[in-house]
Amino acid sequence: MCRSIVQLRKPEGATREELEAAALQFVRKISGFRTASRQNQEVFTRAVVEITDSVESLLRGLVVRT
């Protein structure tokens, strides 16, 4: 994947903006498009929202040993 992806699991938690930025980067990488055309904007945006929600759920649900 991308070398510039950062770890979002941190003690203070990730902000929604950080999660959205990571999701956008992921969608761009997977789709091969830097920006979506008008025809693809809806599906592009929906994917970012869905991935952001999934990552937020994942991070909330993780059990981390201290």
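Helices (H or I, at least four residues) and strands (E, at least two) are taken here as DSSP runs, numbered from the N terminus, and by that rule the chain has 2 helices and 0 strands. The model is predicted, so local features need pLDDT of at least 70 and side-chain atom pairs count only at pLDDT 80 or more, while totals for chains, interfaces and linings use all residues. Residues are numbered from 1 along each chain as its sequence is written, and side-chain values use heavy atoms, with hydrogens and water left out.

Along the principal axes, the C-alpha atoms occupy a box of roughly 45 × 25 × 15 Å. Of the 66 residues, 12% are buried, where buried means under 20% relative accessible area, exposed over 50%, and partly exposed in between (1.4 Å probe, protein chains only). With contact meaning heavy atoms within 4.5 Å, 57% of the contacts between residues at least 6 apart in sequence join residues at least 24 apart.

Helix α1 covers residues 16–31, and its 16 residues reach 22 Å from the first C-alpha to the last, close to the 22 Å expected at 1.5 Å a residue; the expected span is 1.5 Å times one less than the number of residues. Its buried residues are L19, A23 and V27. They lie on the same side of α1 because they cover an arc of only 70° around the axis, the arc being that of the directions from the helix axis to the C-beta atoms. An α-helix has 3.6 residues a turn, so residues three or four places apart point the same way. The buried residues of α1 pack against α2, which runs over 41–61. After α1 comes G32, with a positive phi near 85°.

Also in helix α1 is E18, which is partly exposed at a relative accessible area of 29%. Apart from its neighbours within four places in sequence, E18 is in contact with L8, K10 and G13. For one of these residues, L8, which is 10 residues from E18 along the chain, the separation of the two C-alpha atoms is 7.7 Å.

Helix α2 has 21 residues and reaches 30 Å from its first C-alpha to its last, close to the 30 Å expected at 1.5 Å a residue. Its buried residues are F44, V48 and T52. Seen down the axis of α2, these fall within an arc of 75°, so they line one face of the helix, and they pack against α1. The face of α2 turned away from this buried side carries the exposed residues E42, R60 and G61.
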